[in-house]
Amino acid sequence: MGLRLDIAMILMLFLLKSTGNVQASILNVKQYGAKVNADITQALTKAWKAACASTGQSKVVVPGGTYKLGAVPLEGPCKGPIELQVIGTLQAPEQQSGDSWVSFNHVDFFTLSGSGTFDGQGKIAWGQSECSKNKYCKQLPINIRFNFITNAIIRDITSLDSKEFHINVLGCKNVTFQHVTIKAPETSVNTDGIHIGRSTGIHIIDTNIGTGDDCVSLGDGSRDITVEKVNCGPGHGISIGSLGKFPNEEPVSGVKVIGCTLTNTVTGVRIKTWPASPTGSASDMHFEDIIMNNVGNPIIIDQVFYYPWNQCQTKIPSRIKISNVSFINIRGTSKFQEAVKLVCSKGVPCEKVELRDIDLKYNGHDGSSTYHCINVKPTISGKQNPPACTVKA
């Protein structure tokens, strides 16, 4: 973990090497009829198709200005490396059906760049969302979907006020997010910043996320994931899970959360699984060098009390096996007295959990910060504030 590599730069050099010194073909959406303050759905689609058909390196440019954009799938595979550079602001319809706004599908050697904004205009949708009450709520459009993307860089863009998740990553491999900004009010519903599922080699670096749900969330099948130097808040923290909601979920493994800062978040770093879940596993997960600023419950493993919508069979233990987890050099302040909560399944207790150099002060005036441990025997070393937990079987 000590060796930091600029993964995005390495990938960019690889992309440039793969295309040699060939000058990129640049396609401005205005060439295809785009006008400021007008709908550019057709113009962007036409420009993308032309660039995707090019055998050389190509770039589609959305210049400065504000543009309306309907739901648009940008499809691959493409014949050569392709970049979409967004400099202006793209606005989604305020009222929109479906589960996607902008989606990138089956693209290899892809770059999404620019200082532009994807404005989901989610304020009306948040008031209509039932996801805080209903386990199987109607899905609202996600700002940006990356479906089955390989060898990609997403950098410098902003996702604003998404109706649901800001960014969803599914079935992707070797994708880096760098200098991305995600913004929505803390009252926005189900607006996870970046959600990853069934993907390998995903890196989130030097990114700022403030939203109404998890800043980063990892679903099943997340492997070799790095979250580094992310500023999170407001939001619900950085989460692995929830896991075990559905049958046949894939294992989670190889997660590193390093050098992040969480400020005024509902929770800190956590692993959460559903009670009464199918069999599964989550292993090799490491949280290191993290600052907590007035965070509710900074460290959490929750396999017992996580039951949104009150629809769980809480008396049946989770069957997700959690193992090889470390929390190292985590410091700062806790909004609630229970700073460390390790509540594991009685059916498959957590194994190989390490806590080293933990210093979390309670911001309240009714005592000191505390641990809560069930069905886990963690290895304790270094500074421990609150004092090391008492194990309860």
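The entries below go from the core to the rings, the backbone and the charged pairs.

**Ground rules.** I am working with a predicted model, where local features need pLDDT of at least 70 and side-chain atom pairs count only at pLDDT 80 or more, while totals for chains, interfaces and linings use all residues. Residues are numbered from 1 along each chain as its sequence is written, and side-chain values use heavy atoms, with hydrogens and water left out.

**Core.** I began with the nonpolar core, meaning a set of buried Ala, Val, Leu, Ile, Met, Phe, Trp, Tyr and Cys residues joined through side-chain atoms within 4.5 Å. Buried stands for under 20% relative accessible area, exposed for over 50%, and partly exposed for what lies in between (1.4 Å probe, protein chains only). The largest such core holds 90 residues. Among those with the most contacts inside it, I noted Leu 84, Phe 104, Phe 146 and Phe 327. As background, nonpolar side chains tend to be buried together in soluble globular proteins.

I then listed the contacts (heavy atoms within 4.5 Å) of Leu 84. Not counting residues up to four places away in sequence, Leu 84 touches Leu 44, Trp 48, Val 60, Val 62, Leu 74, Phe 104, Phe 110, Thr 111, Leu 112 and Ser 113.

**Rings.** How many aromatic pairs does a search of the whole structure find? It finds seven. My rule was that rings of Phe, Tyr and Trp (its six-membered ring) pair if their centres lie within 6.5 Å; planes under 30 degrees apart count as stacked, over 60 as edge-to-face, and the rest as tilted.

Trp 101 and Phe 118 are edge-to-face, because their ring centres are 6.2 Å apart and their planes stand at 80°. Trp 101 sits in strand β7 (residues 100-105) and Phe 118 in strand β9 (residues 117-119), so this pair ties together parts 17 residues apart in sequence. Helices (H or I, at least four residues) and strands (E, at least two) are DSSP runs, numbered from the N terminus. Trp 101 and Phe 118 are both buried.

Next came Phe 104 and Phe 146, a stacked pair with 5.5 Å centre to centre and 10° between the planes. Phe 104 is in strand β7 and Phe 146 in strand β10 (residues 142-147), 42 residues apart, so to speak a link between distant parts of the chain. Both of these Phe residues, Phe 104 and Phe 146, are buried. A cis peptide bond joins Gly 233 and Pro 234, with omega about 0°. Pro 234 belongs to the loop between β19 (223-232) and β20 (238-243). Another cis peptide bond joins Asn 385 and Pro 386, with omega about 10°, and Pro 386 is in the segment after β30 (379-385).

For positive phi, I noted Gln 121, at about 45° although it is not a glycine; Gln 121 lies in the loop between β9 and α3 (123-128). Lys 229 has a positive phi near 55° and is in strand β19. With a relative accessible area of 42%, Lys 229 is partly exposed.

**Around Gly 233.** Gly 233 counts as partly exposed at 29% relative accessibility. Its C-alpha atom is separated by 4.6 Å from that of Gly 210, 23 residues apart along the chain. Leaving aside neighbours within four places in sequence, Gly 233 is in contact with Ile 209, Gly 210, Cys 215, Thr 263 and Thr 265.

**Ser 217.** Is Ser 217 buried or exposed? Ser 217 is buried, with a relative accessible area of 1%, and is found in strand β18 (residues 216-218). Its side chain joins that of Asp 192 in a polar contact of 2.8 Å. By polar contact I mean a pair of N or O atoms within 3.5 Å; within protein, one must be able to donate a hydrogen and the other to accept it, and residues adjacent in sequence count only if both atoms are side-chain atoms.

**Salt bridges.** I counted a salt bridge when a side-chain nitrogen of Lys or Arg is within 4 Å of a carboxyl oxygen of Asp or Glu, and the count comes to ten. Arg 145 bridges to Asp 99, the closest N and O atoms being 3.5 Å apart. Arg 145 is buried, with a relative accessible area of 15%, whereas Asp 99 is partly exposed at 37%.

Arg 270 bridges to Asp 214, with the closest N and O atoms 3.1 Å apart. This pair links distant parts of the chain, 56 residues apart: Arg 270 in strand β23 (residues 269-273) and Asp 214 in the loop between β17 (200-210) and β18. Both Arg 270 and Asp 214 are buried.
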